[in-house]
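Subject: Structure handover

Hello,

Here is the structure you asked about. My notes on what was found in it follow below.

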Amino acid sequence: MKAITKYWFLEGFSLFKKLGMPTMMKLCDHLDMEYVNRGSIIKIGERDRKCIFFLKNGSVKIMDSDNDIVKYVVKKGNIFGELSIYDKNSSSKEVALALEDVVICYIESDMMEDLMEQHKSLNNALLKIYGLRIRKLETRLQDLLYKDSKTRISEFIKAFIEEFGEIENDRVVAKNLLSHKDISNLTNTSRQTVNNVLSTMRKNHIIDYDSKFISYSKVLDK
């Protein structure tokens, strides 16, 4: 694939904003690009070489390869697989599942580490992403200790719609990408509790959803 196409691919990632075009073009020489169909597995830790992945389009969920428990969800414009730099043992236990058709580019972790040594802005940006992931996990642990199941689920649903959705008139609308099992994994609750809370939220007109979309009203949020 032409380097200029890969350059277009990476241009929207804030991670690379301070690198400049010459460095970006050099980076593109080491990238592989791949189209992945919805429902397909993207191997992270089981590849011949560890890689960092850049998600241009679509969304993926990151799961523990031992038990298929969902750890977090990644939307377009973000990266995954960065554990291969900071925690190589843990990265070998992760897989990604495409929640919709996705486009990814990836680079070997060793090459990424070399670039991070040469460019401080890239190193700092990747550390920031890794730090945010850690803080999200810490927040989930605190929520588990201090919030009941209903609160955890309702707050997660709203946060998910905010992060993955777009404003349409007076509503925020997101693709309904997660199963009840996924939500129960991410909130440390049961599927039955998730079903009950979602049904109650819809009955009370807090959210609305079908098989394709989930939304909530900005008017009620004021």
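Helix H6 gives the largest share of the lining of the largest pocket, ten residues. Bear in mind throughout that this is a predicted model. H6 covers residues 120–146, and at least two lining residues each also come from strand S5 (70–75), strand S6 (78–80), H7 and helix H8 (180–187). The volume of this pocket is about 910 Å³. Its lining counts 31 residues, and the closest to the centre are Tyr72, Val73, Leu132, Lys136 and Glu163. By class, the lining holds 15 nonpolar, six polar and ten charged residues.

The second largest pocket has about 360 Å³ of space. Of the 15 residues that line it, Lys76, Glu100, Phe164, Glu166 and Lys175 lie nearest its centre. Two or more lining residues come from each of H7, strand S9 (166–168) and strand S10 (171–175). S10 gives the largest share, three residues. Here the classes divide into five nonpolar, three polar and seven charged. The volume of the largest cavity is about 40 Å³. Its lining is made up of Ile157, Phe160, Asn176, Leu177, Leu178, Ile183 and Ile214. Six of these lining residues are nonpolar and one is polar, with no charged residues. As background to both kinds of space, rolling a probe the size of a water molecule over the atoms shows where empty space is left.

Next, the aromatic rings. The structure holds four aromatic pairs. In one of them, phenylalanine 53 and tyrosine 106 are tilted, with 40° between the planes and 5.6 Å from centre to centre. This pair links distant parts of the chain, since phenylalanine 53 is in strand S3 (residues 51–57) and tyrosine 106 is in strand S8 (residues 102–108), 53 residues apart. Are these two residues buried or exposed? Phenylalanine 53 is buried because its relative accessible area is 0%. Tyrosine 106 also counts as buried, because its relative accessibility is 14%, and the cut-off for buried is under 20%.

A second pair joins phenylalanine 156 and phenylalanine 160, which are stacked at 6.3 Å centre to centre with 25° between the planes. Both residues lie in helix H7 (residues 149–164), four residues apart, or about one turn of the helix. Phenylalanine 160 counts as buried because its relative accessibility is 8%, and Phe160 is also one of the residues that line the largest cavity. Ring pairs also link Phe53, Phe80 and Tyr106 into a cluster.

The charged end of arginine 202 sits over the ring of tyrosine 209, at 3.9 Å from the ring centre.

Two residues have backbone angles to look at. Most residues other than glycine have a negative phi, and most peptide bonds are trans. Aspartate 68 is not a glycine, yet it has a positive phi of about 65°. Aspartate 68 is placed in the loop between strand S4 (59–64) and S5. With a relative accessible area of 44%, aspartate 68 is partly exposed. Asparagine 169, also a residue other than glycine, has a positive phi near 60°. Its place is in the loop between S9 and S10. At 80% relative accessibility, asparagine 169 counts as exposed.

Threonine 23 is found in helix H2 (residues 21–28) and is buried, with a relative accessible area of 16%. The C-alpha atoms of threonine 23 and serine 184 are separated by 43 Å, and the two residues are 161 apart along the chain.

Last, a word on confidence. The mean pLDDT of the protein is 86, and 90% of the residues score at least 70. Confidence is highest in helix H9 (residues 191–203), at a mean of 96, and lowest in helix H10 (residues 218–221), at 62.

Regards

Conventions: Residues are numbered from 1 along each chain as its sequence is written. This is a predicted model: local features need pLDDT of at least 70, side-chain atom pairs count only at pLDDT 80 or more; totals for chains, interfaces and linings use all residues. Side-chain values use heavy atoms; hydrogens and water are left out. On a 1 Å grid over the protein atoms alone, a cavity is a set of points where a 1.4 Å probe fits but cannot get out, and a pocket is an open set with protein on both sides within 12 Å along at least five of seven lines; lining residues have an atom within 4 Å of a point. Grid points are joined across faces, edges and corners, and a volume is the space filled by probe spheres set on the points. Ala, Val, Leu, Ile, Met, Phe, Trp, Tyr, Cys and Pro count as nonpolar, Asp, Glu, Lys and Arg as charged, and the others, Gly among them, as polar. pLDDT is the predictor's confidence in each residue, from 0 to 100. Rings of Phe, Tyr and Trp (its six-membered ring) pair if their centres lie within 6.5 Å; planes under 30 degrees apart count as stacked, over 60 as edge-to-face and the rest as tilted. Buried means under 20% relative accessible area, exposed over 50%, partly exposed in between (1.4 Å probe, protein chains only). A charge sits over a ring if NZ of Lys or CZ of Arg is within 6 Å of the ring centre and within 35 degrees of the ring normal.
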